[in-house]
Amino acid sequence: MEAGSSGSEAEVTWEDQQNINKFGRLNNRLHELEDEIKTAKETNENLEDAGNELILTDEEVVRFQIGEVFVHVPKDEVESRIEDMKEVTSKNLEKLEEEKESVVAQMTELKKILYGKFKDSINLEED
């Protein structure tokens with residue numbers, strides 16, 4: 001190795017390999033979280049739309065889907081169920097977004113460590 005080389009021949013230690021593996025697992029989890037967040041947001045929007053539609057109807061009994069079946073349920077009970085479902089979905093979305101923040105922070109820290117040692121000889125960015 002020449003005296004001014006970039007150090008691209010850095011040895012990969014066991015600890016480095018563990019950090020690289022951890023980064024890979026975190027990256028996979030990040031993608032899963034992004035999908036789960038998207039689904040939760042869509043569910044929230046659908047529940048919001050359903051609640052708005054319910055406000056517009058003047059029926060006292062409406063069809064409500066439970067599992068794969070539609071049943072006739074009093075409008076006020078459906079309103080209550082929709083509100084409960086929105087609350088659960090919102091809390092779930094909050095948890096998912098907090099976990100995503102944590103994963104991104106851990107990945108940023110690992111990037112600093114790995115790029116600090118391996119510089120350009122490692123690529124942790126998505127194509």
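Predicted model: local features only at pLDDT ≥ 70, side-chain atom pairs only at ≥ 80, totals over all residues.

Visitor: Which residues are linked with Arg 29 in a network of salt bridges?

Guide: Let's take the pairs in turn. Arg 29 bridges to Glu 32, with the closest N and O atoms 3.1 Å apart, and both residues lie in helix H1, about one turn of the helix from each other. Arg 29 also meets Glu 36 in a salt bridge, again listed at 3.1 Å, N to O. The network joins Arg 29 with Glu 32, Glu 36 and Glu 99.

Visitor: How many residues apart are Lys 117 and Asp 16?

Guide: Their side chains form a salt bridge at 2.5 Å, N to O. Lys 117 sits in helix H2 (residues 75-118) and Asp 16 in helix H1 (residues 14-56), so the pair links distant parts of the chain. The separation is 101 residues.

Visitor: And is Asp 16 buried or exposed?

Guide: The cut-off for buried is under 20% relative accessible area. Asp 16 has 7%, so this residue is buried.

Visitor: Which residues make the nonpolar surface patch of about 220 Å²?

Guide: One of them is in strand E1 (residues 61-66), namely Ile 66, which is partly exposed at 38% relative accessibility. The patch is made by Ile 66, Val 69 and Val 71.

Key
Residues numbered from 1 in each chain as written. Heavy atoms only, no water. Patch = residues over 30% accessible without salt bridge, like charges linked within 9 Å, V, L, I, M, F, W, Y side chains within 5 Å. Areas by Shrake-Rupley, 256 points an atom, 1.4 Å probe, with all protein chains shown as cover. Salt bridge = Lys/Arg side-chain N within 4 Å of Asp/Glu carboxyl O. Helix = DSSP H or I, 4+ residues; strand = E, 2+ residues; numbered from the N terminus. Buried < 20%, exposed > 50% of the residue type's maximum accessible area, 1.4 Å probe, protein only.
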